Amino acid sequence: MFLSPYFSKQNQSISVSAQQASDFAKKIAQDFNPIHDVGAKRFCVPGDLLFALVLTQYGLSQNMKFTFAGMVGDGVELQFPEQVNDSFSICDNREKTYLQVSREGDVSRCDAQTESFIRNYVAFSGHNFIDILVPLMKQHQVMINPERPLVIYESMSFDLTSLDFVEVKLSLVQQELKIDGKRGDVTLHFELHSGDTLVGTGIKTLVMSGLRPYEEAQMQQMCAAYEGRKTDF
C-alpha cells in the first residue's frame, strides 16, 4: 500500500507523526504549506491524508462527502472503526471529531483504482495555492496575512456516475470566492475524467482567514517564498 510510510496503525487506531505528515504533503501532494512542516507552530496533518486513509480503509464509494471538523496534531490517535455505516466520523480516543464522512452507492475496493483516485486528487489539491487561490485573491483585490497565512480545508464531495475505470484525472471547471469581512469562502468545482469519458463531478471548499487589501509586492513575496520552499525540497 503506497500510503504505508505516512501513518502508523495499531489495531483500529491510526496516528500520523509530524514527519509522516510533512513527507506526505511534500512527496505525494506537492503541498508546501508551512502548516504541515515538522515543528510548525500551528502544525496539522493534511486533510488530504485523512481523506486518503478513509478511502484506503473503507473503499471508494460512488458518492462521498468529507467534512473537516478539526485540525489533527502530531501523533493524535484516530479511531478507524472496523465496520461503518453510510455516515460515520473519525474521532480520537477522547471522542473529539476531526472528520465526518457520508457515502452512498456502489463501493470499489480495487487498490489500483483507489490509488489513482487519491494520487490525482491530492495532486490537484496541492496546486490550489499558486494556481487557483492567488489569481482569485488578485481578482477580488484581497489577500491572506503574509505573516500568518491560514487557509483551512473545509469540505470535499464527489459524485461518480460509474466505478468502471482505473485511471482518473481531475480538472477544475469553476472557482468562486465569497468575502465576508476578513473571511473568504472558496468553492472549487471539478470534473473527473477517465480518458475522454466524464465519470464524475466534485466540489471542494476552503476557508481563507485574516483577509486584507491586496498588495501585489507582498503577494509576489509570498509566492516566491512558497516556490522557494518547493525548490529547496
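Predicted model: local features only at pLDDT ≥ 70, side-chain atom pairs only at ≥ 80, totals over all residues.
A search of the whole structure finds 13 aromatic pairs. In one of them, the ring centres of Phe-117 and Phe-158 lie 4.8 Å apart with the ring planes at 50°, and the pair is therefore tilted, since planes count as stacked when under 30 degrees apart and as edge-to-face when over 60. This pair links distant parts of the chain, because Phe-117 belongs to helix α3 (residues 111–126) and Phe-158 to strand β8 (residues 151–160), 41 residues apart. Phe-117 has a relative accessibility of 1% and so counts as buried, and Phe-158, with a relative accessibility of 1%, likewise counts as buried. Both residues belong to a cluster in which ring pairs link Phe-51, Phe-66, Phe-117, Tyr-121, Phe-124, Phe-158 and Phe-190. Elsewhere, Lys-204 is placed over the face of Tyr-153, at 4.5 Å from the ring centre.

The largest pocket holds about 730 Å³ of space. It is lined by 36 residues, of which Asp-31, Asn-33, Ile-35, His-36 and Val-151 are the closest to its centre. Several elements, namely α2 (47–58), α3, α4 (128–140), β8, β11 (197–208) and α5 (216–232), each contribute at least two residues to the lining of this pocket, and the lining comprises 24 nonpolar, seven polar and five charged residues.

The second largest pocket has a volume of about 230 Å³, and its lining is made up of Asn-33, Pro-34, Ile-35, Ala-40, Lys-41, Arg-42, Glu-147, Arg-148, Pro-149 and Leu-150. Among these lining residues, five are nonpolar, one is polar and four are charged.

Definitions and conventions: Residues numbered from 1 in each chain as written. Heavy atoms only, no water. Phe/Tyr/Trp six-rings, centres within 6.5 Å; stacked < 30°, edge-to-face > 60°. Helix = DSSP H or I, 4+ residues; strand = E, 2+ residues; numbered from the N terminus. Buried < 20%, exposed > 50% of the residue type's maximum accessible area, 1.4 Å probe, protein only. Lys NZ or Arg CZ within 6 Å of the ring centre and 35° of its normal. 1 Å grid on protein atoms, 1.4 Å probe; cavity = no way out; pocket = protein on both sides within 12 Å on 5 of 7 lines; lining within 4 Å. Points joined across faces, edges and corners; volume = space filled by probe spheres on them. Nonpolar A, V, L, I, M, F, W, Y, C, P; charged D, E, K, R; others polar.
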